[in-house]
Amino acid sequence: MGHGELRGVVALDGPSGTGKSSAARRLASALGARYLDTGAMYRAVTLAVLRSGADLDDADRVAAVARDAGLAQGTDPADSTTTLRGEDVGVEIRGPEVTRAVSPVSANPAVRELLVAEQRRIVAHALSAVGGIVVEGRDIGTVVVPDAGLKVFLTADARARAHRRARQDGLESTVDAVLADVERRDAYDSSRAVSPLRPAPDAVELDTTDLDLAGVLAALLDLAAGRGLVAGPVRG
Ligand SMILES: Nc1ncnc2c1ncn2[C@@H]1O[C@H](COP(=O)(O)OP(=O)(O)O)[C@@H](O)[C@H]1O
Ligand SMILES: Nc1ccn([C@@H]2O[C@H](COP(=O)(O)OP(=O)(O)O)[C@@H](O)[C@H]2O)c(=O)n1
């Protein structure tokens with residue numbers, strides 16, 4: 001409230017557990033904008049692939065399952081839904097099976113082509129409907145919306161990210177296992193041939209290790225206002 005309205009696109013990228021989803025949702029809510037969780041889309045396609053029994057290494061089959069999945073991703077920051085043929089899969093896509101398989105499925109070029117086209121369509125629709133959208137993922141600033149008005153690359157120390165994730169999953173005792181998973185996924189996402197995880201040359205890096213969520217939101221609001229992306233009441 002009182003923050004004004006987002007005009008344009010904010011792209012938030014970074015590795016797992018840096019706070020992209022939490023920050024993007026809060027920023028979109030504060031600025032009356034839409035919110036797009038592209039990771040949820042890769043996770044939903046991965047769930048469809050696992051359910052189909054397809055071999056993760058069978059690139060053509062994986063791409064065919066992705067095309068047929070009937071994926072729909074909502075953009076309401078208060079209730080961001082992910083459905084496959086109308087079935088709400090928002091909980092299932094956060095499970096360990098999907099988390100284990102999502103990086104190899106996301107490295108499939110045909111899957112990326114399909115989802116990037118859909119993400120651009122969603123962004124264009126949001127811009128015409130409400131004027132602003134916050135998009136989070138791994139390749140938003142580099143590939144999906146290279147002309148975004150603000151690109152932020154969130155980072156945080158790997159151990160801090162593992163602690164956040166373990167707390168989120170209620171697995172307080174297995175921080176080391178979560179850390180290993182987070183580091184494995186970062187390595188995979190950063191080294192793939194297509195759209196590897198990396199900051200866009202014009203992205204602002206924001207280290208969230210020692211910031212709480214309110215601090216991250218405040219930093220993002222300042223950056224967006226500084227870029228002239230916020231219309232209406234100014235904070236303060
Ligand atoms: N700056 C922060 N300080 C403390 N906890 C955080 C912070 N950012 C995120 N979290 C918590 O860490 C977990 C992962 O955050 P999330 O937004 O899902 O990260 P990402 O989308 O980058 O993977 C969530 O439980 C979230 O509440
Ligand atoms: N724009 C994106 C978003 C996610 N992904 C892939 O999807 C996986 C899950 O993304 P996510 O944002 O849900 O992951 P978390 O950071 O929430 O664990 C990532 O590890 C990437 O492999 C991607 O390749 N490109």
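A polar contact here is a pair of N or O atoms within 3.5 Å; within protein, one must be able to donate a hydrogen and the other to accept it, and residues adjacent in sequence count only if both atoms are side-chain atoms. This model is predicted: local features need pLDDT of at least 70, side-chain atom pairs count only at pLDDT 80 or more, and totals for chains, interfaces and linings use all residues. Residues are numbered from 1 along each chain as its sequence is written, chains are lettered from A and ligands numbered from 1 in the order written, and side-chain values use heavy atoms, without hydrogens and water.

**Stop 1: ligand 1**

Select ligand 1. An oxygen atom of this ligand is 3.2 Å from a polar backbone atom of Thr-18. Now show Lys-20: a polar side-chain atom there lies 2.8 Å from a ligand 1 oxygen. For Ser-22, the side-chain distance to an oxygen atom of ligand 1 is 2.5 Å. The protein buries 83% of the 560 Å² that ligand 1 exposes alone (Shrake-Rupley method, 1.4 Å probe). Helix 1 (20-30), helix 7 (158-169) and helix 9 each give two or more residues to the shell. Helices are DSSP runs of H or I with at least four residues, strands are runs of E with at least two, and both are numbered from the N terminus.

**Stop 2: ligand 2**

Move to ligand 2. There are 19 residues around it, and Arg-43, Arg-112, Arg-165, Arg-185 and Asp-189 come nearest (near: a heavy atom within 4 Å). Pick Arg-185: a side-chain N or O atom is 2.8 Å from a ligand 2 oxygen. Next, pick Asp-189, where a polar side-chain atom lies 2.7 Å from an oxygen of ligand 2. Alone, ligand 2 exposes 530 Å², and the protein buries 98% of that. Colour helix 2 (38-52), which gives the most to this shell, with 4 residues.

**Stop 3**

Five of them form an open sheet in the order 3-7-2-8-9, with parallel pairing (pairing takes at least two DSSP bridges between two strands). Strand 3 (34-37) and strand 9 (204-207) are at the edges with a single partner strand each, so one side of each has no neighbour in the sheet. Zoom in on Tyr-35; its bridge partner in strand 7 is Val-134.

**Stop 3: helices on the sheet**
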